[in-house]
Amino acid sequence: MTDHEHYEAVVVGCGPGGAAAAANLARNGVETLVLERGVDAGSKNVSGGLIYAEESAPYTIDGLFPEFREEATERPVTENYIHNVAGDTVKTFDIGDLHHHDTAWADSVLRRRMDSWLADRVHELTHETGGGLLTEVHVTGLLREKGEIVGVTCEELDPIAADIVVAADGVNSELARDAGLMDWEDPDEWFQGVKAVAEMDPDTIDERFDIDDDEGEAHLFSGDLFDGVRGGGFLYTNEASLSIGTVFHLDSIAEERAEPQELLDGLLTHPLMAQWLGEDYHELEYSAKLVPDSKKAALTAPHEDRLVVVGDAAGQMQAQGPIIKGMNHAVTAGALAAEAFADARSRGDPHRAGEFYEQKLHDEGVMDKLRPTSYSVVGKLGEIGPIDGVANAVAESAVGRFGVRAAEGLVERAYNSPMLVSMIPDTKLPYVTLPTVIGEELGEVVTDENHVQPPELDDRIGDLTYDVGDPHIELVDNSFEASGTAVTACPVSATDFGGGCYRDEMVQTNGHEEHLVSLDTQPCVECGTCAVVADTEWEHPAGGKGVEFEQG
Amino acid sequence: MHTVVLTKGVPDFREGQVSFDEDGHLERGKTPTVMNPNDKHALRAAFQTRVRNGGHVSLMSMGPPGYQEVLQEGMRDVYADDLYLLSDREMGAADTWATAMTVATGIQNLETQPDLVFAGFKTADGETGHTGPQTAYCLDWPLVTHVVSLDIDEEAGLLRAKRLVDGDVSEIETVEAPMPCFVVADPEFEPTYRKASHRLEHKQLREETQERAENYEDLVTVWDHEDLNLDPDYIGLDGSPTIVAGVDPIPKAPSEREATVVDGDDSAAMEPILDELTPYAAGD
């Protein structure tokens, strides 16, 4: 074997999945090196963000990191609602029962604060083992010897060999792609989320939501306020800010040529929001993220040779209607991967860690949450075109409307049923048609006037912090046909906007006109959308380069 | 490995810090003293040696007792394990030669003989760039200047350095030298840490150094000319062959261009400027 620097374990990425893996490896006495590409853990991370601790989970974040809730989270979620919107009529359901199902606790979080806190603990724990955490290191791929994965390659460091590599490098994982486990091919395997963090002092939050300072709320929004694009919105209360965002199926964003930032603005400016946002809207940060749809993208065997993949990198993000859970699964998976390595090592066969990890994901019920059997039987059926069309028509017909009116209590109960929610198909019916009908038939008119003026896209980009490095995305096919969708779908680009990543133009060449796309990666928020909807060579920027989220 | 870094306190020439009197003479009393900015490159080179090859780093300076804070600055800014100040009235007003004599004696007086001595590329006050090479001459050591990157082969007792030929970034040569060796770090010096273990060590030492720099006084050793067994006739002003015959101020170049200040929010006033610029924007 070539003389590479060697650690027993290399963990790539210090989000919740990587942190959980590293902490559990360190507790098992494994020499662990953690490599994080941001200037600080959390500086590259965005989530909605609620983090759950499930009663049924073998590992939770506060179990692995005592004091987590006191030190790293914003507010506990004590109330949950879903708002069905049709124009300015809204019907609100309390979905507290759904939220509380299998939930030990759930807190709102901002990722910079959370991950940065976790990283300090991770460094302390791993340093004890002879390793530690390094920031500003971009792991570019897998180190192979005789075709076998034996470690990682880095932009800033020489290759590093390891007995186990934990890829916790996020939704755009370069390691999972290098191993051939993940791709960026199908838009329908992904959601795209955009989020605004709005400043608000704690007393104002308490007053506007009528809560105490140790309480918090989670609101979900669906219906016709997103121009028919399939998805919904959310609002979570933080300690001194609100997280407001929208999450849509990426295939729907692409088909409708929707501008994500405009869909977010549609939510921010809806009359329903006036009661919470008041007149003094101040946006601290605009951010975006690609979200894997675990029903379709979660790896059933997330390992290869010495590589194990956890969290978003393995598609472990559960988004089924109003249930949006990612970080908790990443934590469980990370800790199980570590456990699997410790088991394999104690049996004298450390290279079987991947196999054990897969087994544990099944045995502990994680896989069934990510890819519910109930969805694969019933949900997919609903996605078949003619069936969906008929169902849409029925829901919008007088019969359907009558059903909704007659069954008001039933609908609320249905929203609260984890079983029914897990079967929700990815079609217009549950995301747009049904909530709209509910809003129209059962809702009340909201008369409040919304005074919010969301910032323009160039101001949103201007407010972000960047350390611009070399371009990290290459446009392979610059025809509008191949890559034009990025102009609208990219959350920092827009039609007729020159300051974004992607723009399109008509170019005259040899007497005929070509519709071309050009790319400038400076304002990139590294969400990965264009890797799916355009023809690109996509890599992360060098360690410490690119966007730096302060809220996340 | 024992590495010594030479540093000097200089007037803080940054705008807002430095004061000159009416005749253009520097007012030392009103201008704070800071570590010579170029010494940072020497410290970074020494720190790289500490991280990659272990051992320890001593920071040494010659100057009045107040220079202890200059040593602290160097320690806080980059890194040092221990600090030495050569301080004595007899050493005062030394030129580069007398300084080199004193500093070389200070280095020889260290308990463990260093393998490497680093100096920064010239001081911000004298700008001679003589003291380092003269100190190497006094020590009778090989000298490598304008170093931009450095590798140490401890087993072979060699250093391998990339250096700018004639201080020019367009021409770089690689040289080898036996240790002990005197190295002048160029402002273009870049430390390299390509191993995770180096970066972890770097992080660890940087964390510790901030705390240690708070208690820097415990780490300072002060030596006077008696400690170094130096004859006062060969150091300080008496030992300095340089005679300053006079100082002439360099006249400021007269400005020939006219400047007009326009308020950017005043659109009427901006109009003629835009008219003026438009042809350039069109690429004419």
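**A sheet in chain A and its surroundings**

Let's start with an open sheet of 8 strands in chain A, whose order is β15-β11-β14-β13-β12-β4-β5-β20 and whose pairing is mixed. Please keep in mind that this is a predicted model. At the edges of this sheet stand β15 and β20 (444-445) of chain A; each has a single partner strand, so one side of each is left without a neighbour in the sheet.

Begin at the β15 end. Nine is the number to remember here: 9 bridges join β11(A) to β15(A), and the two strands run antiparallel. For one pair you can find in the view, look for G193(A), which stands opposite K289(A) in β15(A). Although β15(A) is an edge strand of the sheet, 8 of its 10 residues are buried, so β15(A) is largely enclosed by the rest of the structure.

Further along the order you reach β4 (residues 79-86) and β5 (residues 89-94) of chain A, an antiparallel pair joined by 6 bridges.

Now go back to β11(A) and follow the chain onward. The loop between β11 and α7 (202-209) of chain A holds M200(A). Is M200(A) buried or exposed? M200(A) is buried: 23 other C-beta atoms lie within 10 Å, and the cut-off for calling a residue buried is 20 or more. If its neighbours within four places in sequence are left aside, M200(A) is in contact with I205(A), A240(A), S241(A) and L242(A).

Next, the wider setting. Chain A is divided into domain 1 (5-74 + 109-182 + 299-370), domain 2 (76-106 + 184-290 + 374-454) and domain 3 (470-547). Taken over C-alpha atoms, the centres of domain 2 of chain A and domain 3 of chain A are separated by 29 Å. Their contact takes 17 residues from domain 2 of chain A and 13 residues from domain 3 of chain A. On the domain 2 side of chain A that touches domain 3, at least two residues each come from β11 (190-199), α8 (250-255), α9 (260-268) and β15 (283-292) of chain A. Which element gives the most to that side? It is β15(A), with 4 residues. Sorted by class, the side of domain 2 of chain A that touches domain 3 of chain A has 11 nonpolar, 3 polar and 3 charged residues. In this way β15(A) links two parts of the picture, as an edge strand of the sheet and as a contributor to the domain contact.

Chain A also meets chain B, in a contact that takes 7 residues from chain A and 7 residues from chain B. On the chain A side, these divide into 4 nonpolar, 1 polar and 2 charged.

Along its principal axes, the C-alpha trace of chain B spans about 75 × 50 × 40 Å. An open sheet is found here too, with 9 strands in the order β9-β8-β7-β10-β6-β1-β4-β5-β11 (chain B) and mixed pairing. The edges are taken by β9 (172-178) and β11 (220-223) of chain B, each with a single partner strand, so one side of each is left without a neighbour in the sheet. From one strand to the next, the twist averages 30°.

Within that sheet, strand β1 (residues 2-7) and strand β6 (residues 116-120) of chain B run parallel and are joined by 4 bridges; V4(B) stands opposite V117(B) in β6(B). Two helices lie across strands of chain B. Helix α1 (residues 39-53) of chain B lies across β1, β4 (56-62), β6, β7 (143-153) and β10 (181-185), running at about 150° to β6(B). Helix α3 (residues 96-108) of chain B lies across β1, β4, β5 (82-86), β6 and β11, running at about 150° to β4(B).

Key:
Residues numbered from 1 in each chain as written. Chains lettered and ligands numbered in written order. Predicted model: local features only at pLDDT ≥ 70, side-chain atom pairs only at ≥ 80, totals over all residues. Domains from an automatic or database assignment. Nonpolar A, V, L, I, M, F, W, Y, C, P; charged D, E, K, R; others polar. Pairing = 2+ DSSP bridges. Axes fitted to C-alpha atoms, helices over the stretch in contact; angles between N-to-C directions. Buried ≥ 20, exposed ≤ 12 C-beta atoms within 10 Å, placed from the backbone.
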